[in-house]
Amino acid sequence: MTKINALRRFLLACIHPASTSPVHPSTTTATATPKKRLSTSLRDDLDDPHSQHHDNQVEEDSSEPPTPTTIAPPSAPPRPSKTMVIGTIFGHRRGGHVWFCVQHDRLNTKPALLLELSIPTSTLIQEMRCGLVRIALEFKDDSPESELSRCPLHSVPVWTLFCNGRKLGFAVRRKATDQNRLMLKTMQSTTVGAGVIPSGFGSGPGSGSEELMYMRANYECVIGNADSESFHLINPDDGPGQELSIFLLRSR
């Protein structure tokens, strides 16, 4: 009987399992335990002793003002000033003297320098056939305190003239006349060239019946100092090798 009762209880337990309270997902929330992860990224919020020491050193270096270093330039003599000008040599074919005119602008009929040379036009033509012409105008001032020793070089009124080493007279500074301005206006369109202007244009009064010969070209003006200046003819590429230079020199 005892065995029967024990078997009955065992069977009843298998047929009718023990009632368990239902589990609702809203009532029971599983609290997941966060996993611990190992971070392999480099953190920049930590104070690096080496970088801090480097920053302090940079701040200390930047706080000190830089010491300027000055290098004295080597002493050298002043270089001469060079500019380009338009030079015109003109004169009457027979019985005329040579004139030399300097212009900074070919459209301006007022020349910067106008000199009348005592060289006859025919003599200059003969000298130019040799291919080398050196005209030196010298002014010697015995009194160093005079006005002519301090005035601009273009203001000297009279010069002693030398042509290729020979003394041939004098050169006189002139003011441009109406005939000179008319001649320069006629040659405004000509920068480089040589030719003959018909009668009616002269370098002085009473000379309008003769033809006027001219040679117009670019000159390199070299200013050495207050007492020296020179003009050097610049030959065109397709022109003959004519060397012509005019020097102005004031000695004291």
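Analyst: A nonpolar core is a set of buried Ala, Val, Leu, Ile, Met, Phe, Trp, Tyr and Cys residues joined through side-chain atoms within 4.5 Å. The model discussed here is predicted, and its largest nonpolar core has 31 residues. Those with the most contacts inside this core are Ile 135, Leu 137, Trp 159, Tyr 219, Phe 231 and Leu 244. A second, separate core of 10 residues includes Phe 90, Cys 101, Leu 114 and Met 187.

User: Which residues does Ile 135 touch, leaving aside those up to four places away in sequence?

Analyst: Beyond four places in sequence, the contacts of Ile 135 include Leu 117, Ile 119 and Leu 124, and also Leu 161, Phe 162 and Cys 163. Ser 245, Ile 246 and Phe 247 are touched by Ile 135 as well.

User: Why is Phe 90 called buried?

Analyst: The word applies under 20% relative accessible area, and Phe 90 has 2%, so it counts as buried. Trp 99 stands at 7%, and therefore Trp 99 is buried by the same cut-off.

User: What makes the aromatic pair of Phe 90 and Trp 99 stacked?

Analyst: Aromatic rings pair if their centres lie within 6.5 Å, and planes under 30 degrees apart count as stacked. The structure holds four aromatic pairs, and one of them joins Phe 90 and Trp 99, with 5.9 Å centre to centre and 20 degrees between the planes.

User: How do you know whether Phe 100 and Tyr 219 are buried or exposed?

Analyst: Phe 100 has a relative accessible area of 1%, and Tyr 219 also has 1%. Buried means under 20%, so both residues are buried.

User: Why is the link between Gln 103 and Arg 216 called a polar contact?

Analyst: Gln 103 is in strand β2 (residues 97-103), and its side chain lies 3.1 Å from that of Arg 216. The cut-off for N or O atoms is 3.5 Å, so the distance falls within it. Gln 103 is buried as well, because its relative accessibility is 1%.

User: Why are the buried residues of helix α3 said to be on the same side?

Analyst: The buried residues of α3 (residues 121-128) are Thr 121, Leu 124, Glu 127 and Met 128. They cover an arc of only 120 degrees around the axis, and therefore they are on the same side of α3.

Technical notes:
Residues numbered from 1 in each chain as written. Predicted model: local features only at pLDDT ≥ 70, side-chain atom pairs only at ≥ 80, totals over all residues. Heavy atoms only, no water. Helix = DSSP H or I, 4+ residues; strand = E, 2+ residues; numbered from the N terminus. Buried < 20%, exposed > 50% of the residue type's maximum accessible area, 1.4 Å probe, protein only. Polar contact = N/O pair within 3.5 Å; in protein donor to acceptor, adjacent residues only side chain to side chain. Arc of directions from axis to C-beta. Contact = heavy atoms within 4.5 Å. Phe/Tyr/Trp six-rings, centres within 6.5 Å; stacked < 30°, edge-to-face > 60°.
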